[in-house]
Amino acid sequence: METTLRQAYDEQGFCIARKAIDAGLAAETVEHVHWLVKKNPGTRPEQLHHELMVHDPFMHRLVTDDRLVDIAAQFLGPNVAMFAAHYIAKKPSTGQAVQWHQDGSYWPLEPMEVTTLWVAGTDSTVANGCMRVLPGTHTKRLLKRSEMVDLDKDKFVLGVGIHPDQIDDADAVDLELEAGDISIHHPSIIHGSNTNTSDQWRVGLTLRYIPTSTKVTVDRSPCIMCRGEVIPEVGNKYAPRPQYVVGEHMPFAGCEDWSLQAAS
């Protein structure tokens with residue numbers, strides 16, 4: 001599997017790992033979205049960002065899952081951290097589009113050694129606004145903020161993206177996934193997604209993994225250490241392992257292993 005994934009990634013800028021996680025864990029990511037939305041009622045489900053989850057025991061349990069870290073390590077090496085998570089969950093009929101963009105244009109990383117695992121909590125289809133990619137565009141340079149345009153934040157998740165006149169989407173590929181599948185994509189590949197016009201939720205979680213040798217160059221929420229060794233001289237911040245507290249955190253399979261009692 002490793003050779004196939006890496007070859008596709010290197011050639012096309014993306015690849016897909018089917019049934020990467022089990023149905024139970026995929027369903028818990030969906031439950032987590034609804035739990036976060038209830039806890040943060042002023043936040044759209046497309047805007048559930050890292051700072052809302054970096055001290056959440058379920059998020060730590062998920063991003064350190066060996067099945068996901070094994071995949072990330074194929075692209076990054078043995079020392080793996082997760083520097084940012086983002087649920088882009090689209091409500092039925094009203095879920096926002098994601099404009100064409102390159103991830104690396106937004107990220108404060110040096111060097112830009114990073115790969116994204118896009119985890120499907122629900123089936124992701126053309127009808128509910130699955131991710132679309134322009135294969136091979138990972139070989140293009142990263143656009144700067146000054147080269148992009150502002151877009152209507154009521155219609156588009158990011159609000160800033162590539163000008164539509166610069167995009168030829170004739171060769172776009174729709175990445176249709178089943179719950180538990182993941183796609184892996186390069187920080188320079190041009191991608192986006194359409195609105196959700198279906199009567200079904202589309203829940204996706206983007207996990208941005210980095211080698212611990214990559215520096216986060218702005219002061220922001222800490223990374224989550226996943227495997228291997230921290231490199232102290234890089235200077236990244238890491239979140240401590242959170243403890244599960246009944247009533248404060250979402251229950252999940254194995255949460256007792258994260259409890260105060262288990263830690264004592």
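Pro187 counts as buried, at 4% relative accessibility; the classes are buried under 20% relative accessible area, exposed over 50% and partly exposed in between, with a 1.4 Å probe and protein chains only. The model is predicted, so local features need pLDDT of at least 70 and side-chain atom pairs count only at pLDDT 80 or more, while totals for chains, interfaces and linings use all residues. Residues are numbered from 1 along each chain as its sequence is written, and side-chain values use heavy atoms, with hydrogens and water left out.

Pro187 sits in the loop between β11 (182-185) and β12 (191-193). Helices (H or I, at least four residues) and strands (E, at least two) are DSSP runs, numbered from the N terminus. Not counting residues up to four places away in sequence, Pro187 touches Tyr9, Gln102, Asp103, Gly104, Trp107, Met112, Val114 and Leu142, where contact means heavy atoms within 4.5 Å. From Pro187 to Arg220 the C-alpha to C-alpha distance is 19 Å, at a separation of 33 residues in sequence.

Thr206 belongs to strand β13 (residues 202-211). This residue is also buried, with a relative accessible area of 5%. Its contacts, leaving aside neighbours within four places in sequence, are Ala84, Ala85, His86, Thr116, Leu117 and Trp118. The Thr206 side chain makes a polar contact with the side chain of Arg208 at 3.2 Å. A polar contact is a pair of N or O atoms within 3.5 Å; within protein, one must be able to donate a hydrogen and the other to accept it, and residues adjacent in sequence count only if both atoms are side-chain atoms.

The largest nonpolar core has 45 residues, and the members touching the most others are Met59, Leu68, Tyr87, Ile182, Ile184, Leu207 and Tyr209. Helix α4 (residues 66-76) gives the largest share of this core, 6 residues. Such a core is a set of buried Ala, Val, Leu, Ile, Met, Phe, Trp, Tyr and Cys residues joined through side-chain atoms within 4.5 Å.

The backbone comes next. Most residues other than glycine have a negative phi, and most peptide bonds are trans. The bond from Glu110 to Pro111 is cis, with omega near -5°, and Pro111 lies in the loop between β5 (109-110) and β6 (115-120). Lys19, not a glycine, has a positive phi of about 50°. Lys19 is in the loop between β1 (14-17) and α2 (23-39) and counts as exposed at 65% relative accessibility. Ser93 has a positive phi near 70°. Located in the loop between β3 (80-90) and β4 (98-101), Ser93 is exposed, at 53% relative accessibility.
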